Every structure is written in C-alpha cells, then in structure tokens.
2 protein chains.
Amino acid sequence: MTADAPITNVGADDRLDGPFEPNVFARDCGSRAAFEAITGRWTSLVLIALVEGPHRFGELRRRVDGVSEKMLSQSLHALEREGLLTRTDHGTLPPRVDYALTPLGVEVAGRLRALADVLQDTVPLFEAARAEYDGQ
Amino acid sequence: MTADAPITNVGADDRLDGPFEPNVFARDCGSRAAFEAITGRWTSLVLIALVEGPHRFGELRRRVDGVSEKMLSQSLHALEREGLLTRTDHGTLPPRVDYALTPLGVEVAGRLRALADVLQDTVPLFEAARAEYDGQ
C-alpha cells in the first residue's frame, strides 16, 4: 500500500493523512485479520498447546478439551494460512502428520501462553468478580 | 474446590489425581472461562483500547472499528463481570459514563497489547503467508 492509497473503513481515531501504519483496531488492516484468526475460540488454545512442541491431530484433540474434530481441522487450516504452523505428513502407513509452530508462531503463541498464565494464576479473582456481579 | 472433588469434563491429558491446578485447557476451569471472555472478538479489542486510559461509550465505539452498539454493550458487561473493568456513572446531565481497567484488567490487557504489537510489527509476514496458502 502506498502513502497515497485511500484508507477506508477505519475508525475516526484511526484515519491517517500520512503513510499507512499497521493498526489492530482498523477493520482492513492485516494485523486485525491476524488478531481475529489468533484469538479465535479454538485457534488460541491450539497455539498454546503447540508451545509445548509438535503434536499430532489426535494429541491436539485430547489436549484442547471440548474441541470437535471439525473445529480442530478448521483451526489448523486457519493457523497454517496465517503462517503460524506447519503441517508435516511423514508419508508413512499408518499416516503420521505433525503440526508444529513456525518461528512467527512461536512468538505469537508465547504471548498467548503469557496471557493464559496470568489467568491461571488469578482464578480466585475471576471467580470472586463473577459472584459479585451475578449477585447484584 | 477440595483436593477430593471430582474433576469432570477435562481432556485426558488434564486428568489429575492430586489437588486441582488451574488449567486453561480444561473446560470447567475458571481460567478457561476467563480466557474465552477475554479473547472474544470485541472484548479483546475493547481491553486493548482501555490500555490507553478510561473511555466513554462513544469513544470506544469509534476506537474499535466495526463494533455495533449492541456488541459493545455486551462486551462491556462481560468484561465488568470478569472484574476487568469498572463502569463509573458521574450522575451528570447529560449522562457521562466512563469505562476503566481494574488492576487485574491492566495486567490482562497489557498481555493482549503485547500480542497486538507483534502482529502490527509483522503484517508483511502474515500477508505473504496468506498469499502463499491461497495460491496452493
């Protein structure tokens, strides 16, 4: 995109007169598309699972509690499209396919793992907040 | 939850014989509920917007490009329920209501901001990955 290209569909605060700056708030920005793909309900947990190392499909299915075969398959395709994971078919019988993070995937998934760590460390705070809100 | 409480609905890898450990992968864990609330399509962007300071409803509506009034309202309620933001009605006419992060919200939103920074800094990598995937 050149400095003169029109920027459409961005919030009033994000209209720029100068060169395009990536902005996760702007609907048409590539970073927003990546953000939405990464923070999806299942994609986010799949990324965190892969921080621990490459996984096979069935291993991911067991690790990410509640994911269906269809949703896991869709999530893996979406993450491969974003360049965050690779799919390696070892060409063996029975088939063996491994999913592993790319270097970009490692960086992104590490940020999600850090977020999950905060949440795991503060479960009682969330439970207290929910009880208070629901009791109002 | 006591050490003897049964843990149900967790993935095979997450069944524990010992005391309950918070685990974002486990369907019934309070950290998983928080993770899903926080990584929602609009809640995540609202949290990042509030890193910059308190906002009024209309300000958030403009900042988070594409959010409808209804979805923003639902997102704000969900985040208030998780204890991540406070709603302050100044009791003035015309009404003025501010939304601001709690200390827990600051910590969580900071992790999301860090994730968004990675994505904004690597937009060309995502665009190249998508073009390659779609061209296969």
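Mentor: Helices, of at least four residues, and strands, of at least two, are DSSP runs numbered from the N terminus. Bear in mind throughout that this is a predicted model.

Trainee: In which order do the elements of chain A run from the N terminus on?

Mentor: Chain A holds 6 helices and 3 strands, and its order is read from the N terminus on. Written that way, the elements of chain A run α-α-β-α-α-β-β-α-α.

Trainee: What percentage of the residues in chain A is buried?

Mentor: Buried here stands for under 20% relative accessible area. Applied to the 136 residues in chain A, that cut-off gives a buried share of 46%.

Trainee: What is the area buried between chain B and chain A?

Mentor: The contact involves 62 residues of chain B and 62 residues of chain A. Carbon and sulfur atoms give 63% of the buried area, and the total between chain B and chain A is about 5,400 Å².

Trainee: Which residues in chain B lose the most area to chain A?

Mentor: Three residues together account for 15% of what the side of chain B buries. Those residues are B:F25, B:D65 and B:R81.

Trainee: Which residue of chain A forms a salt bridge with B:R130?

Mentor: The count between chain B and chain A is 8 salt bridges. In the one formed by B:R130, the closest N and O atoms are 2.8 Å apart, and the partner is A:E82.

Trainee: Which element supplies the largest share of the side of chain B that touches chain A?

Mentor: Several helices of chain B each supply at least two residues of that side, including α4 (69–81) and α5 (103–121). The largest share, 12 residues, comes from α5(B).

Conventions: Residues are numbered from 1 along each chain as its sequence is written. Chains are lettered from A and ligands numbered from 1 in the order in which they are written. This is a predicted model: local features need pLDDT of at least 70, side-chain atom pairs count only at pLDDT 80 or more; totals for chains, interfaces and linings use all residues. Side-chain values use heavy atoms; hydrogens and water are left out. Contact means heavy atoms within 4.5 Å. Buried area is the accessible area (1.4 Å probe) that two parts lose on being put together, summed over both. A salt bridge is a side-chain nitrogen of Lys or Arg within 4 Å of a carboxyl oxygen of Asp or Glu. Buried means under 20% relative accessible area, exposed over 50%, partly exposed in between (1.4 Å probe, protein chains only).
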